[in-house]
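Please consult the sequence and the structure below while reading.

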Amino acid sequence: MFSFSENTIREKIELHKFKSAQSVERRRVNRIFLKILIGCFVLFLFFMFLPWTQNIEAKGYVTTLLPEHRPQSIMTVLPGRIEKWFVKEGDLVKAGDTLVIITETKSDYFDPKLLERTRNRLENK
């Protein structure tokens with residue numbers, strides 16, 4: 001067990017002939033194997049708590065759930081733009097619901113007497 005002395009019996013006796021000496025040697029090998037196994041386990045636990053980042057490459061198109069984040073084109077007689085959306089993808093829409101507010105981009109198309117002319121039309125009907 002302890003080697004306090006520099007005198008060993010290994011040169012004087014052939015230890016491989018004795019079963020007890022063989023079992024002691026096996027225990028020494030088992031201890032070394034156990035130390036290696038414990039070291040690997042500790043190293044595995046250390047790597048489990050390291051930060052992990054995973055990157056994936058893919059081909060395709062990026063879409064958004066909100067319609068105001070997507071480019072949209074509307075064919076109209078007068079140029080304009082969508083100012084506000086009232087619906088999102090997946091919403092239930094009934095007849096008569098307001099979907100969007102469309103505004104004109106040029107102030108030349110604004111009619112300052114629009115309310116007055118609309119009232120006149122309703123009265124004439």
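In this predicted model, a nonpolar surface patch of about 1100 Å² is formed by Phe 33, Leu 34, Leu 37, Ile 38, Phe 41, Val 42, Phe 44, Leu 45, Met 48 and Phe 49. Phe 33, one of the residues of this patch, is located in helix α1. Its relative accessibility is 55%, and Phe 33 therefore counts as exposed, since the cut-off for that class is over 50%.

A second residue, Leu 66, belongs to the loop that links α1 (19-48) with β1 (80-85). Leu 66 has a relative accessibility of 29% and so counts as partly exposed; this class lies between the limit for buried, under 20%, and that for exposed, over 50%.

| Residue | Relative accessibility | Class |
|---|---|---|
| Phe 33 | 55% | exposed |
| Leu 66 | 29% | partly exposed |

With regard to the chain as a whole, the secondary structure consists of two helices and two strands. Their order along the sequence is α-β-β-α. The chain comprises 125 residues, of which 3% count as buried. Among the contacts in the chain with a separation of 6 or more, 23% are between residues 24 or more positions apart.

Terms used:
Residues are numbered from 1 along each chain as its sequence is written. This is a predicted model: local features need pLDDT of at least 70, side-chain atom pairs count only at pLDDT 80 or more; totals for chains, interfaces and linings use all residues. Side-chain values use heavy atoms; hydrogens and water are left out. Helices (H or I, at least four residues) and strands (E, at least two) are DSSP runs, numbered from the N terminus. Buried means under 20% relative accessible area, exposed over 50%, partly exposed in between (1.4 Å probe, protein chains only). Patches are made of residues with over 30% relative accessible area and no salt bridge: like charges are joined within 9 Å, nonpolar side chains (Val, Leu, Ile, Met, Phe, Trp, Tyr) within 5 Å. Accessible areas come from the Shrake-Rupley method with a 1.4 Å probe; for residues, only the protein chains shown count as cover. A salt bridge is a side-chain nitrogen of Lys or Arg within 4 Å of a carboxyl oxygen of Asp or Glu. Contact means heavy atoms within 4.5 Å.
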